[in-house]
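Good morning, and thank you for the time. I would like to walk through one structure with you, so please look at the display before we go into the details.

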Amino acid sequence: LQAPASVRASAGALREALGRQDIDRLVCEQPSMLDVTMVREVLEEMGRLMPGTNVHALLAADPGWLLRAQRGQKRLGAHPDSDLNEQV
């Protein structure tokens, strides 16, 4: 749980990161959206994986992308099979 002042600060940072003011629905659907550091990492990763896509709009349309895209090396570490290529 976050203190009300912390939630307000996170909401402001989320508005800035997404470039939109209407974040209430997004946070209600996906409370993890208040982890703005994670949101920025996910937006960066989505942009890398989907060049030319408006990833801000995509995430705003479907906040579930946050969970789909956060499963990356920054959050979970290297894939357990990632060293297999080095052994060949």
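R68 is partly exposed, with a relative accessible area of 49%; here buried means under 20% relative accessible area, exposed over 50%, and partly exposed in between, with a 1.4 Å probe and protein chains only. The partner of R68 in a salt bridge is D62, and their closest N and O atoms lie 3.0 Å apart. By salt bridge I mean a side-chain nitrogen of Lys or Arg within 4 Å of a carboxyl oxygen of Asp or Glu. D62 is partly exposed as well, at 27%.

Before I continue, a word on the source. This is a predicted model, in which local features need pLDDT of at least 70 and side-chain atom pairs count only at pLDDT 80 or more, while totals for chains, interfaces and linings use all residues. Residues are numbered from 1 along each chain as its sequence is written, and side-chain values use heavy atoms, with hydrogens and water left out.

D22 is partly exposed at 47% relative accessibility, and R20 is partly exposed at 27%. E29 pairs with R25, with 3.0 Å between the closest N and O atoms. These two residues stand four apart in helix α2, so about one helical turn separates them. E29 is partly exposed at 48%, and R25 is partly exposed at 40%.

Let me turn to the overall fold. The chain has seven helices and zero strands; these are DSSP runs numbered from the N terminus, with helices being H or I of at least four residues and strands E of at least two. Of its 88 residues, 26% count as buried. Contact means heavy atoms within 4.5 Å. Among contacts with a separation of 6 or more, 49% join residues 24 or more positions apart.

L14, in helix α1, is buried, with a relative accessible area of 0%. Setting aside residues within four places in sequence, L14 is in contact with I23, V27, M33, V36 and V39. L14 and V39 are 25 residues apart in sequence, yet their C-alpha atoms are 7.9 Å apart in space. L59, with residues up to four places away again not counted, touches L18, L26, M33, V39, L43, M46, W65 and L66.

Finally, is Q30 buried or exposed? Q30, which sits in the loop between α2 and α3, counts as buried at 10% relative accessibility. Beyond its neighbours within four places in sequence, Q30 is in contact with P63, L66 and L67.

Thank you for your attention.
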